[in-house]
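Please go through the structure shown below with the following briefing at hand.

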Amino acid sequence: MKIKDNVNCLFQHCIQALGEEHPIRVVNALQTLCALIRGVHQKNKSTSGFDIINMLMGFDKAELCMKNLMESLDSLLCAEGSESLKSLCLKLLLCLVTVTDNISQNTILEYVMINSIFEAILQILSHPPSRREHGYDAVVLLALLVNYRKYESVNPYIVKLSIVDDEATLNGMGLVITQALSEYNRQYKDKEEEHQSGFFSALTNMVGSMFIADAPEKISVQTNEAILLALYEAVHLNRNFITVLAQSHPEMGLVTTPVSPTPTTPVTPLGTTPPSSDVIGPVELPLDADVQTSNLLITFLKYSSIVMQDTKDEHRLHSGKLCLIILTCIAEDQYANAFLHDDNMNFRVNLHRMPMRHRKKAADKNLPCRPLVCAVLDLMVEFIVTHMMKEFPMDLYVRCVQVVHKLLCYQKKCRVRLHYTWRELWSALINLLKFLMSNETVLLAKHNIFTLALMIVNLFNMFITYGDTFLPTPSSYDELYYEIIRMHQSFDNLYSMVLRLSTNAGQWKEAASKVTHALVNIRAIINHFNPKIESYAAVNHISQLSEEQVLEVVRANYDTLTLKLQDGLDQYERYSEQHKEAAFFKELVRSISTNVRRNLAFHTLSQEALLKEFSTIS
């Protein structure tokens, strides 16, 4: 407090020095500003409680000070000048934005709202050379600025991001995100291969495979929530960004580009510094027939399939939830659905599958080329099958089933007949119902399992009521009935469970009775066909009917089946961030902010390198 005047004076001198023509002075000023902002903040304990703006600049001069600072940063970022200078400007801005844990309590950001640097960020993203150097920092900075008091006031960065329609800028942003997610996927794959070929496999060969199933060791690569947040904000706020998801470019990592020696920089953990090379420059790509084209959506689905495997770790749980929220926004978007279901856009999407005891490891080589929606459904089925555990991630399951429902609503509305192995989805859903029933007591202590049960039953109702408009063939509709009849015990058990709870006067009465009503058509199908199947077996003296014989009975007895028309099966509540997810995003942004602050790598621009670049002051 005693040296406040000196701090103010130094702060102002730094801002003046940003206008100097000698780059070394500008560099020193930028680094001093970073140190001042951080240092003063660290001294600001709640007990001493001084005002940070007053301490740095003095109230009377703050507005002019910040205006000059932001204008200088803006012109440095937009100038043709040195890349190192631009890099330092972005680091200073990131330092300024992340200096408090809760970004919305950082009052200095009011000045960053008034003196916007949005256009400078866009310019970096639309220019390939500057995007390669600074795209990552620019995208993370933008994602954080968008989250400043987003529910309390009009945030100009939200408004501006939602109306960007320049293709080069949106593609640039998409490329930065793709690059960072690909980098994560690649690191994970390398770790996985190293893991399989190393000590572990030698040990299993020795002991036989008896304990590998019980103890799959976790392969951990630090997740990158900052980039996911940027992807979410772009998808959620900007309708035009949806087109970027499907922009094809050759699969990164398969392309060999000439390797130039790169300067060595200290290693920092993933998720903090940008991947260094940008292999997506349009010039250097050999368009080889063997190179599979990829796009942001495929890269994102692969990333999701990795982070959604293990939800016990808090970061991964947050990442998994954010992945599902992004998929929810995509599944509600008319244009996104059009390209997801487009028969002319087929891809092989190699999702990560969790090693599990009761299934073989799938071979990746013979993956079929299919519309992208198949990969989204595969990802949802995979999640459903692999997370039935004591620490039940109810919230993620609900989101997962909602994504499937939204995709079905589109297929029903547009009469899209998707050639997909629906049976896998049906059996996953029935197994999930079985899990809910067998763990009723444990789960009911923490969750209302009837919301999820109702959603699952209504997915079946959707297939029963409208399946003839979107299932690929009449025989797949027959198969649906076959599955329901084959698994009738599970539906009977569910019915007796909800009946029991809806006739008691307990807290679950209303929730359970909704499920009772929803089961009406499934029960009608079971009660109609089971006696017919039994009498067919008796007449023909067969103890065990084959699938073909059961299907024959089903086809012969459709005419006499009566079903009730159920309303609202193809309606859903649209995603809304502010009402439902505000607390989640607040927490997420706090953790990203802490992470960015901790890893802000000023040292990547060592004094030595800078002095080399700007060695002379004339």
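**A bent helix in a predicted model**

Helix α8 bends by about 75 degrees at His 134, where the bend at a residue is the angle between axes fitted to the seven residues ending there and the seven starting there. The model is a predicted one, in which local features need pLDDT of at least 70 and side-chain atom pairs count only at pLDDT 80 or more, while totals for chains, interfaces and linings use all residues. Residues are numbered from 1 along each chain as its sequence is written, and side-chain values use heavy atoms, with hydrogens and water left out.

**Helix α8**

- Helix α8 covers residues 128-146 and spans only 23 Å between its end C-alpha atoms, whereas a straight helix of 19 residues would span 27 Å at 1.5 Å a residue; the expected span is 1.5 Å times one less than the number of residues.
- Of the 19 residues in α8, 15 are buried, which leaves the helix mostly covered; buried means under 20% relative accessible area, exposed over 50%, and partly exposed in between, with a 1.4 Å probe and protein chains only.

**The chain as a whole**

- The protein chain has 29 helices and 4 strands, taken as DSSP runs (H or I of at least four residues for helices, E of at least two for strands) and numbered from the N terminus.
- Buried residues account for 54% of the 618 residues in the protein chain, and the accessible surface comes to about 29100 Å², of which 53% belongs to carbon and sulfur atoms, as given by the Shrake-Rupley method with a 1.4 Å probe.
- Among contacts (heavy atoms within 4.5 Å) between residues at least 6 apart in sequence, 79% join residues at least 24 apart.

**The nonpolar core**

- The largest nonpolar core has 209 residues, and those with the most contacts inside it are Phe 241 and Phe 450; such a core is a set of buried Ala, Val, Leu, Ile, Met, Phe, Trp, Tyr and Cys residues joined through side-chain atoms within 4.5 Å.
- Helix α21 (residues 449-470) gives the most to this core, with 14 residues.
- Leaving aside residues up to four places away in sequence, Phe 241 touches Leu 170, Met 173, Gly 174, Ile 177, Leu 231, Ala 234, Val 235 and Leu 296.

**Aromatic pairs**

- The structure holds 20 aromatic pairs, counted when ring centres of Phe, Tyr and Trp (its six-membered ring) lie within 6.5 Å, with planes under 30 degrees apart classed as stacked, over 60 as edge-to-face and the rest as tilted.
- The rings of Trp 426 and Phe 463 form an edge-to-face pair, because their centres are 5.4 Å apart and their planes stand at 90 degrees.
- This pair links distant parts of the chain, with Trp 426 in helix α19 (residues 422-438) and Phe 463 in helix α21, 37 residues apart, and both residues are buried.
- Trp 426 and Phe 463 also belong to one aromatic cluster with Tyr 420, Trp 422 and Phe 470.

**Two residues and their surroundings**

- Asn 8 lies in helix α1 (residues 4-17) and counts as buried at 8% relative accessibility; its C-alpha atom is separated by 6.9 Å from that of Met 55, 47 residues apart along the chain.
- Ala 168, in helix α10 (residues 167-197), is partly exposed with a relative accessible area of 39%, and Ala 168 touches Leu 125 and Ser 126, not counting residues up to four places away in sequence.
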